[in-house]
Amino acid sequence: MEMETVAPNRTIGGNSRERLLDRFRRVRKTTEWICEPLATEDTIIQTSVECSPTKWQLAHVTWFFETFVLLQHSKGYRAFHSKYNYLFNSYYNTIGDRTPRDLRGLISRPRLQDVWDYRVHVEQAMEQFLKDVSENIFQAVEPIVTLGINHEQQHQELMVTDVKTVLAMNPLRPIYRAREIISQPVCDLHWIGFNEGLYEFGNPPPFQGGGQGVIDFYFDNEGPRHRQYLHKFALAHRLITNGEFKEFIADGGYRNPVLWLSEGFSKGVEQEWNAPKYWERVDGNWCAMTLQGFRPIEDSEPVTHISHFEADAYATWAGVRLPTEFEWELAAKGIPIDGNFLDDGNFHPVSHTLICDPNEESQTKVCATQMFGDAWEWTRSAYLPYPGFTVVGGALGEYNGKFMSNQMVLRGGSCVTPQDHIRATYRNFFPSDARWQFSGIRLAKDL
(Lines give C-alpha, C1' and ligand atoms only; values in the text may rest on other atoms or scores of the structure.)
Protein backbone atom coordinates (compact mmCIF):
# COMPACT_ATOMS: atom_id res chain seq x y z
CA MET A 1 0.00 0.00 0.00
CA GLU A 2 1.36 3.43 -0.93
CA MET A 3 1.67 5.62 2.14
CA GLU A 4 0.71 9.25 2.42
CA THR A 5 3.63 11.67 2.42
CA VAL A 6 1.99 14.33 4.58
CA ALA A 7 -0.14 14.22 7.70
CA PRO A 8 -3.96 14.14 7.43
CA ASN A 9 -5.46 17.49 6.47
CA ARG A 10 -6.92 19.78 9.09
CA THR A 11 -10.44 21.18 8.95
CA ILE A 12 -12.35 23.41 11.34
CA GLY A 13 -16.11 23.92 11.32
CA GLY A 14 -19.36 23.32 13.12
CA ASN A 15 -20.20 23.94 16.76
CA SER A 16 -17.84 23.33 19.67
CA ARG A 17 -18.90 19.69 20.10
CA GLU A 18 -18.40 18.95 16.41
CA ARG A 19 -15.06 20.77 16.37
CA LEU A 20 -13.85 18.81 19.39
CA LEU A 21 -14.87 15.49 17.85
CA ASP A 22 -13.26 16.44 14.55
CA ARG A 23 -10.00 17.44 16.24
CA PHE A 24 -9.99 14.28 18.35
CA ARG A 25 -10.43 12.06 15.29
CA ARG A 26 -7.79 13.83 13.22
CA VAL A 27 -5.16 13.78 15.95
CA ARG A 28 -5.74 10.08 16.55
CA LYS A 29 -5.44 9.45 12.79
CA THR A 30 -2.17 11.39 12.67
CA THR A 31 -0.75 9.09 15.34
CA GLU A 32 -1.64 6.11 13.16
CA TRP A 33 0.03 7.81 10.18
CA ILE A 34 3.22 8.27 12.21
CA CYS A 35 3.26 4.55 13.00
CA GLU A 36 2.58 3.30 9.45
CA PRO A 37 6.26 2.76 8.45
CA LEU A 38 7.19 1.00 11.71
CA ALA A 39 7.71 -2.71 12.17
CA THR A 40 6.49 -4.22 15.42
CA GLU A 41 10.11 -4.56 16.53
CA ASP A 42 10.63 -0.80 16.09
CA THR A 43 7.86 -0.02 18.57
CA ILE A 44 9.12 -1.94 21.58
CA ILE A 45 12.70 -0.67 22.01
CA GLN A 46 13.72 1.90 24.61
CA THR A 47 17.10 3.45 23.84
CA SER A 48 17.45 5.68 26.93
CA VAL A 49 15.59 6.90 29.99
CA GLU A 50 14.16 9.98 28.24
CA CYS A 51 12.97 7.97 25.22
CA SER A 52 9.90 5.75 25.47
CA PRO A 53 8.90 2.86 23.19
CA THR A 54 6.27 3.74 20.59
CA LYS A 55 4.05 0.95 21.87
CA TRP A 56 4.11 2.42 25.37
CA GLN A 57 3.31 5.91 24.05
CA LEU A 58 0.40 4.61 21.97
CA ALA A 59 -1.07 3.12 25.12
CA HIS A 60 -0.21 6.07 27.36
CA VAL A 61 -2.02 8.71 25.28
CA THR A 62 -5.03 6.38 25.22
CA TRP A 63 -4.78 5.84 28.96
CA PHE A 64 -4.98 9.63 29.39
CA PHE A 65 -8.44 9.79 27.80
CA GLU A 66 -9.63 6.70 29.64
CA THR A 67 -8.36 7.90 33.03
CA PHE A 68 -9.25 11.58 33.01
CA VAL A 69 -12.41 11.53 30.88
CA LEU A 70 -14.15 8.18 30.62
CA LEU A 71 -13.53 6.74 34.08
CA GLN A 72 -14.40 10.02 35.77
CA HIS A 73 -17.28 11.28 33.64
CA SER A 74 -18.78 8.48 31.53
CA LYS A 75 -21.41 6.65 33.53
CA GLY A 76 -21.02 2.89 33.37
CA TYR A 77 -17.60 2.89 31.68
CA ARG A 78 -15.21 0.25 33.00
CA ALA A 79 -11.42 0.18 32.56
CA PHE A 80 -10.30 -1.82 29.54
CA HIS A 81 -7.74 -3.70 31.67
CA SER A 82 -7.16 -3.53 35.42
CA LYS A 83 -3.34 -3.37 35.08
CA TYR A 84 -3.12 -0.71 32.40
CA ASN A 85 -3.18 2.08 34.96
CA TYR A 86 0.08 0.75 36.40
CA LEU A 87 1.66 0.00 33.01
CA PHE A 88 0.84 3.26 31.21
CA ASN A 89 0.69 5.97 33.86
CA SER A 90 3.64 8.28 33.19
CA TYR A 91 4.30 10.52 36.20
CA TYR A 92 0.93 11.14 37.89
CA ASN A 93 1.66 10.25 41.49
CA THR A 94 -1.89 11.09 42.54
CA ILE A 95 -3.22 8.41 40.16
CA GLY A 96 -1.14 5.59 41.66
CA ASP A 97 1.99 3.48 41.23
CA ARG A 98 3.44 3.04 37.77
CA THR A 99 6.12 1.29 35.73
CA PRO A 100 9.50 2.95 36.35
CA ARG A 101 10.37 5.20 33.43
CA ASP A 102 13.59 3.40 32.56
CA LEU A 103 11.80 0.02 32.40
CA ARG A 104 9.13 0.85 29.82
CA GLY A 105 11.09 -1.06 27.20
CA LEU A 106 10.74 -4.27 29.22
CA ILE A 107 6.95 -4.37 28.88
CA SER A 108 6.64 -7.22 26.36
CA ARG A 109 2.93 -7.66 27.05
CA PRO A 110 0.40 -6.43 26.11
CA ARG A 111 1.32 -7.07 22.51
CA LEU A 112 1.28 -4.24 19.99
CA GLN A 113 -2.01 -5.52 18.56
CA ASP A 114 -3.50 -5.48 22.07
CA VAL A 115 -2.52 -1.84 22.37
CA TRP A 116 -4.18 -1.02 19.04
CA ASP A 117 -7.30 -2.82 20.28
CA TYR A 118 -7.16 -0.69 23.44
CA ARG A 119 -6.95 2.47 21.34
CA VAL A 120 -9.97 1.46 19.24
CA HIS A 121 -11.98 0.62 22.35
CA VAL A 122 -11.27 3.97 24.00
CA GLU A 123 -11.78 5.95 20.78
CA GLN A 124 -15.22 4.41 20.27
CA ALA A 125 -16.16 5.08 23.88
CA MET A 126 -14.91 8.66 23.64
CA GLU A 127 -16.84 9.38 20.45
CA GLN A 128 -20.07 7.98 21.90
CA PHE A 129 -19.57 9.87 25.15
CA LEU A 130 -18.91 13.21 23.42
CA LYS A 131 -21.95 12.77 21.17
CA ASP A 132 -24.39 11.79 23.93
CA VAL A 133 -23.23 13.63 27.06
CA SER A 134 -25.33 16.51 28.39
CA GLU A 135 -24.29 20.06 27.61
CA ASN A 136 -23.36 20.74 31.24
CA ILE A 137 -20.99 17.78 31.40
CA PHE A 138 -19.63 18.57 27.94
CA GLN A 139 -18.70 22.07 29.09
CA ALA A 140 -16.90 20.55 32.08
CA VAL A 141 -14.93 17.97 30.08
CA GLU A 142 -14.13 20.02 26.98
CA PRO A 143 -10.95 21.55 28.50
CA ILE A 144 -9.79 18.11 29.67
CA VAL A 145 -10.43 16.48 26.29
CA THR A 146 -8.65 19.38 24.60
CA LEU A 147 -5.71 18.91 26.95
CA GLY A 148 -5.69 15.20 26.04
CA ILE A 149 -5.62 16.06 22.33
CA ASN A 150 -2.68 18.42 22.82
CA HIS A 151 -1.01 15.84 25.06
CA GLU A 152 -1.22 13.31 22.22
CA GLN A 153 0.29 15.86 19.83
CA GLN A 154 3.23 16.25 22.20
CA HIS A 155 3.69 12.49 22.10
CA GLN A 156 3.46 12.47 18.31
CA GLU A 157 6.61 14.56 18.28
CA LEU A 158 8.20 12.33 20.90
CA MET A 159 7.31 9.20 18.92
CA VAL A 160 9.18 10.49 15.88
CA THR A 161 12.25 11.66 17.79
CA ASP A 162 12.34 8.49 19.89
CA VAL A 163 12.04 6.30 16.79
CA LYS A 164 14.99 8.19 15.34
CA THR A 165 17.12 7.07 18.30
CA VAL A 166 16.01 3.48 17.69
CA LEU A 167 16.85 3.52 13.98
CA ALA A 168 20.14 5.35 14.58
CA MET A 169 21.36 2.49 16.77
CA ASN A 170 20.73 -0.04 14.02
CA PRO A 171 23.80 -0.72 11.83
CA LEU A 172 21.47 -1.34 8.87
CA ARG A 173 20.69 2.43 8.87
CA PRO A 174 16.94 1.92 8.27
CA ILE A 175 14.88 4.59 6.52
CA TYR A 176 11.74 5.72 8.36
CA ARG A 177 10.22 7.54 5.38
CA ALA A 178 12.09 8.33 2.20
CA ARG A 179 11.90 11.99 1.27
CA GLU A 180 14.10 13.95 -1.12
CA ILE A 181 15.24 17.19 0.47
CA ILE A 182 16.51 19.80 -1.95
CA SER A 183 19.40 21.90 -0.70
CA GLN A 184 19.18 25.67 -1.09
CA PRO A 185 21.73 28.39 -0.32
CA VAL A 186 21.02 30.64 2.66
CA CYS A 187 21.65 34.37 2.89
CA ASP A 188 24.09 35.92 5.33
CA LEU A 189 22.98 36.37 8.91
CA HIS A 190 21.16 39.67 9.51
CA TRP A 191 20.22 41.25 12.83
CA ILE A 192 16.77 42.59 13.67
CA GLY A 193 16.71 45.30 16.33
CA PHE A 194 14.05 45.73 19.03
CA ASN A 195 13.53 48.74 21.27
CA GLU A 196 13.63 48.62 25.03
CA GLY A 197 10.36 48.87 26.86
CA LEU A 198 7.73 47.22 29.02
CA TYR A 199 5.98 44.42 27.13
CA GLU A 200 3.24 41.91 27.90
CA PHE A 201 3.83 38.17 27.58
CA GLY A 202 1.91 34.94 28.02
CA ASN A 203 -1.81 34.23 28.15
CA PRO A 204 -4.66 34.93 30.59
CA PRO A 205 -5.26 32.35 33.35
CA PRO A 206 -6.56 29.15 31.73
CA PHE A 207 -9.25 26.78 32.83
CA GLN A 208 -8.14 23.60 34.54
CA GLY A 209 -5.59 21.82 32.39
CA GLY A 210 -5.47 24.33 29.55
CA GLY A 211 -7.21 27.00 27.53
CA GLN A 212 -10.87 27.63 26.89
CA GLY A 213 -11.48 25.29 24.00
CA VAL A 214 -10.16 23.32 21.05
CA ILE A 215 -9.36 26.44 19.03
CA ASP A 216 -7.81 28.74 21.65
CA PHE A 217 -6.03 26.15 23.77
CA TYR A 218 -2.82 26.87 25.65
CA PHE A 219 -1.03 25.16 28.53
CA ASP A 220 -1.15 26.49 32.06
CA ASN A 221 2.59 27.28 32.00
CA GLU A 222 1.96 29.88 29.25
CA GLY A 223 0.29 32.21 31.75
CA PRO A 224 -0.70 34.30 33.54
CA ARG A 225 -0.24 37.22 31.20
CA HIS A 226 2.27 39.59 32.75
CA ARG A 227 4.74 42.35 31.92
CA GLN A 228 8.50 42.21 31.51
CA TYR A 229 10.92 45.05 30.86
CA LEU A 230 13.35 44.37 28.01
CA HIS A 231 16.49 46.30 27.15
CA LYS A 232 17.39 47.00 23.52
CA PHE A 233 18.45 43.82 21.75
CA ALA A 234 18.82 42.28 18.34
CA LEU A 235 17.79 38.83 17.14
CA ALA A 236 19.33 36.87 14.28
CA HIS A 237 16.90 36.62 11.39
CA ARG A 238 17.40 32.85 10.94
CA LEU A 239 18.71 29.72 12.61
CA ILE A 240 22.39 28.76 12.69
CA THR A 241 23.27 26.27 9.94
CA ASN A 242 25.31 23.07 9.89
CA GLY A 243 27.98 24.86 7.89
CA GLU A 244 28.31 27.59 10.50
CA PHE A 245 28.46 25.04 13.30
CA LYS A 246 31.21 23.17 11.46
CA GLU A 247 33.35 26.29 11.85
CA PHE A 248 32.89 26.09 15.63
CA ILE A 249 33.98 22.45 15.57
CA ALA A 250 36.98 23.17 13.33
CA ASP A 251 38.09 25.99 15.64
CA GLY A 252 38.29 23.59 18.59
CA GLY A 253 35.03 24.74 20.13
CA TYR A 254 34.36 21.44 21.87
CA ARG A 255 37.83 21.45 23.46
CA ASN A 256 37.89 25.05 24.71
CA PRO A 257 36.60 25.25 28.31
CA VAL A 258 36.55 29.07 28.19
CA LEU A 259 33.50 28.90 25.90
CA TRP A 260 31.48 26.57 28.06
CA LEU A 261 29.41 26.61 31.19
CA SER A 262 31.31 24.47 33.68
CA GLU A 263 28.70 21.73 33.91
CA GLY A 264 28.39 21.65 30.13
CA PHE A 265 32.12 21.21 29.54
CA SER A 266 32.24 18.41 32.11
CA LYS A 267 29.23 16.74 30.50
CA GLY A 268 30.83 17.02 27.06
CA VAL A 269 34.07 15.44 28.27
CA GLU A 270 32.18 12.70 30.11
CA GLN A 271 29.99 11.83 27.10
CA GLU A 272 32.72 12.51 24.51
CA TRP A 273 30.85 15.20 22.59
CA ASN A 274 32.70 16.38 19.50
CA ALA A 275 29.76 17.21 17.23
CA PRO A 276 25.93 17.32 17.34
CA LYS A 277 24.16 14.06 18.10
CA TYR A 278 24.04 11.65 15.15
CA TRP A 279 27.03 13.27 13.36
CA GLU A 280 29.82 10.90 12.28
CA ARG A 281 33.06 11.29 10.36
CA VAL A 282 33.19 9.17 7.18
CA ASP A 283 36.35 9.45 5.06
CA GLY A 284 36.99 12.88 6.51
CA ASN A 285 33.47 14.19 5.85
CA TRP A 286 30.63 14.77 8.28
CA CYS A 287 27.58 12.55 7.81
CA ALA A 288 24.55 11.94 10.01
CA MET A 289 21.68 9.56 10.58
CA THR A 290 18.36 11.10 9.56
CA LEU A 291 14.87 9.71 9.27
CA GLN A 292 15.58 9.46 5.54
CA GLY A 293 18.61 7.30 6.29
CA PHE A 294 22.34 7.97 6.66
CA ARG A 295 23.59 10.80 4.45
CA PRO A 296 26.18 13.60 4.21
CA ILE A 297 25.60 16.74 6.29
CA GLU A 298 24.02 19.52 4.25
CA ASP A 299 25.67 22.82 5.19
CA SER A 300 22.63 25.00 4.44
CA GLU A 301 20.25 23.16 6.78
CA PRO A 302 19.72 24.33 10.37
CA VAL A 303 21.91 22.53 12.87
CA THR A 304 19.88 20.33 15.23
CA HIS A 305 20.28 17.81 18.04
CA ILE A 306 22.21 20.40 20.00
CA SER A 307 22.10 20.64 23.80
CA HIS A 308 21.65 23.93 25.59
CA PHE A 309 25.27 23.64 26.66
CA GLU A 310 26.42 23.40 23.02
CA ALA A 311 24.11 26.22 21.92
CA ASP A 312 25.42 28.47 24.68
CA ALA A 313 29.05 27.61 23.88
CA TYR A 314 28.49 28.37 20.20
CA ALA A 315 26.92 31.74 21.04
CA THR A 316 29.88 32.60 23.28
CA TRP A 317 32.29 31.56 20.53
CA ALA A 318 30.38 33.82 18.10
CA GLY A 319 30.71 36.75 20.51
CA VAL A 320 27.00 37.03 21.23
CA ARG A 321 24.45 35.10 23.29
CA LEU A 322 21.20 33.12 23.22
CA PRO A 323 17.93 35.07 23.43
CA THR A 324 15.75 35.10 26.51
CA GLU A 325 12.37 33.49 26.06
CA PHE A 326 10.75 36.94 26.29
CA GLU A 327 12.95 38.38 23.56
CA TRP A 328 12.01 35.42 21.39
CA GLU A 329 8.28 35.84 22.08
CA LEU A 330 8.40 39.55 21.33
CA ALA A 331 10.04 38.84 17.98
CA ALA A 332 7.50 36.11 17.18
CA LYS A 333 4.40 38.20 17.87
CA GLY A 334 2.37 38.74 14.73
CA ILE A 335 4.37 36.28 12.63
CA PRO A 336 2.19 33.64 10.91
CA ILE A 337 2.54 30.08 12.20
CA ASP A 338 4.24 28.91 9.04
CA GLY A 339 7.26 26.74 8.44
CA ASN A 340 8.47 23.16 8.19
CA PHE A 341 6.35 20.97 10.49
CA LEU A 342 5.33 17.35 11.02
CA ASP A 343 2.45 17.97 8.59
CA ASP A 344 4.91 18.54 5.74
CA GLY A 345 6.33 15.05 6.06
CA ASN A 346 10.00 16.08 5.80
CA PHE A 347 10.95 14.83 9.29
CA HIS A 348 14.08 16.93 8.95
CA PRO A 349 14.97 20.65 8.98
CA VAL A 350 15.13 22.38 5.61
CA SER A 351 17.15 25.35 4.43
CA HIS A 352 15.53 28.73 3.83
CA THR A 353 16.54 31.24 1.19
CA LEU A 354 14.65 34.41 2.14
CA ILE A 355 16.81 37.44 1.40
CA CYS A 356 15.68 40.82 2.65
CA ASP A 357 16.92 44.34 3.33
CA PRO A 358 17.51 44.56 7.10
CA ASN A 359 17.67 48.35 6.88
CA GLU A 360 14.00 48.70 5.96
CA GLU A 361 11.83 48.92 9.07
CA SER A 362 8.86 47.60 7.12
CA GLN A 363 10.77 44.35 6.62
CA THR A 364 11.38 43.71 10.33
CA LYS A 365 8.75 41.00 10.79
CA VAL A 366 9.33 39.50 7.34
CA CYS A 367 13.06 39.15 8.01
CA ALA A 368 12.51 36.90 11.03
CA THR A 369 12.44 33.50 9.34
CA GLN A 370 12.19 29.97 10.76
CA MET A 371 10.59 31.29 13.95
CA PHE A 372 8.26 28.31 13.81
CA GLY A 373 9.15 24.77 12.77
CA ASP A 374 12.48 23.27 11.71
CA ALA A 375 14.15 23.32 15.16
CA TRP A 376 13.23 24.07 18.75
CA GLU A 377 15.25 27.14 19.71
CA TRP A 378 17.15 27.11 22.98
CA THR A 379 16.83 30.25 25.08
CA ARG A 380 18.93 31.39 28.03
CA SER A 381 15.80 31.38 30.24
CA ALA A 382 15.34 28.86 33.00
CA TYR A 383 11.95 27.16 33.03
CA LEU A 384 10.27 28.95 35.92
CA PRO A 385 6.68 29.95 36.76
CA TYR A 386 5.39 33.28 35.54
CA PRO A 387 4.38 35.81 38.23
CA GLY A 388 1.05 34.71 39.66
CA PHE A 389 1.25 31.15 38.33
CA THR A 390 -0.65 28.62 40.44
CA VAL A 391 -0.88 24.86 40.00
CA VAL A 392 -4.42 23.64 39.35
CA GLY A 393 -5.88 21.12 41.75
CA GLY A 394 -5.96 17.36 41.23
CA ALA A 395 -3.84 15.07 39.11
CA LEU A 396 -3.79 17.44 36.11
CA GLY A 397 -1.86 19.88 38.27
CA GLU A 398 1.12 17.53 37.82
CA TYR A 399 1.22 18.21 34.07
CA ASN A 400 3.65 21.15 33.95
CA GLY A 401 4.23 22.90 37.25
CA LYS A 402 6.25 20.24 39.02
CA PHE A 403 8.93 20.30 36.30
CA MET A 404 9.90 23.93 36.94
CA SER A 405 13.38 23.05 38.15
CA ASN A 406 16.67 22.34 36.35
CA GLN A 407 15.15 22.87 32.89
CA MET A 408 15.70 25.44 30.14
CA VAL A 409 13.02 26.93 27.89
CA LEU A 410 12.85 26.26 24.14
CA ARG A 411 10.56 28.05 21.71
CA GLY A 412 9.11 27.73 18.21
CA GLY A 413 8.52 24.03 17.51
CA SER A 414 10.42 21.75 15.15
CA CYS A 415 10.14 19.81 11.91
CA VAL A 416 8.20 17.11 13.78
CA THR A 417 5.84 19.40 15.72
CA PRO A 418 2.21 19.41 14.48
CA GLN A 419 1.59 22.85 12.99
CA ASP A 420 -1.69 23.50 14.80
CA HIS A 421 -0.05 22.62 18.11
CA ILE A 422 2.44 25.50 18.27
CA ARG A 423 2.04 29.24 19.00
CA ALA A 424 4.18 32.22 20.00
CA THR A 425 3.52 31.71 23.73
CA TYR A 426 4.33 27.96 23.75
CA ARG A 427 7.00 27.05 26.34
CA ASN A 428 8.84 23.78 25.82
CA PHE A 429 11.46 22.70 28.36
CA PHE A 430 14.30 20.20 28.62
CA PRO A 431 17.41 19.70 30.78
CA SER A 432 20.50 21.52 29.50
CA ASP A 433 22.16 18.30 28.28
CA ALA A 434 19.20 17.06 26.20
CA ARG A 435 20.23 16.37 22.59
CA TRP A 436 17.76 13.85 21.15
CA GLN A 437 15.17 16.44 20.17
CA PHE A 438 15.34 18.59 17.02
CA SER A 439 16.80 21.52 18.99
CA GLY A 440 18.88 24.27 17.42
CA ILE A 441 20.31 27.77 17.75
CA ARG A 442 19.13 31.32 17.13
CA LEU A 443 21.49 34.05 18.29
CA ALA A 444 20.79 37.34 20.06
CA LYS A 445 22.89 40.26 21.22
CA ASP A 446 22.61 43.41 23.31
CA LEU A 447 22.38 46.79 21.63
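Good morning. Two remarks on conventions come first. Because the model is predicted, local features need pLDDT of at least 70 and side-chain atom pairs count only at pLDDT 80 or more, whereas totals for chains, interfaces and linings use all residues. Residues are numbered from 1 along each chain as its sequence is written, and side-chain values use heavy atoms, with hydrogens and water left out.

I begin with the chain as a whole. Its secondary structure comes to 10 helices and 12 strands; these are DSSP runs numbered from the N terminus, helices being H or I of at least four residues and strands E of at least two. Of the 447 residues, 56% are buried. Here buried means under 20% relative accessible area, exposed means over 50%, and partly exposed lies in between, with a 1.4 Å probe and protein chains only. The chain exposes about 19,200 Å², of which carbon and sulfur atoms supply 50%; accessible areas come from the Shrake-Rupley method with a 1.4 Å probe, and for residues only the protein chains shown count as cover. Among contacts between residues at least 6 apart in sequence, 81% join residues at least 24 apart, a contact being heavy atoms within 4.5 Å.

I turn next to the helices. How many residues of helix α9 (residues 325–332) are buried? Eight of the eight are, so α9 is largely enclosed by the rest of the structure. Among them are Phe326, Trp328 and Leu330, together with Glu325, Glu327 and Glu329. After α9 comes Gly334, with a positive phi near 85°.

Helix α6 (residues 242–250) packs against α8 at an angle of about 80°, and their axes are 11 Å apart. The axes are lines fitted to C-alpha atoms, for helices over the stretch in contact, and angles run from 0 to 180 degrees between N-to-C directions. That angle makes α6 roughly perpendicular to α8, a class covering 65 to 115 degrees; under 35 counts as roughly parallel, over 145 as roughly antiparallel and the rest as oblique. From α6, Glu244, Phe245, Glu247 and Phe248 meet Ala313, Tyr314 and Trp317 of α8.

Now the sheet. Four strands form an open, mixed sheet in the order β10-β9-β8-β11, where two strands pair if DSSP finds at least two bridges between them. Its edge strands, each pairing on one side only, are β10 (428–430) and β11 (439–440). Strand β9 (residues 408–411) runs antiparallel to β10 and is joined to β10 by three bridges. Leu410 has Asn428 in β10 as its bridge partner.

His60, in helix α2 (residues 54–73), is buried with a relative accessible area of 1%. Beyond its neighbours within four places in sequence, His60 contacts Phe88, Asn89, Ser90, His151 and His155.

Ser307 sits in the loop between β7 (293–296) and α8 (308–317). Is Ser307 buried or exposed? Ser307 counts as buried, because its relative accessibility is 0%. Not counting residues up to four places away, Ser307 touches Trp273, Trp378, Ser432, Asp433, Ala434 and Arg435.

Pro174, lastly, lies in the loop between α5 (135–168) and β1 (191–194). With 22% relative accessibility, Pro174 counts as partly exposed. Leaving aside neighbours within four places in sequence, Pro174 contacts Leu167, Met289 and Gly293.
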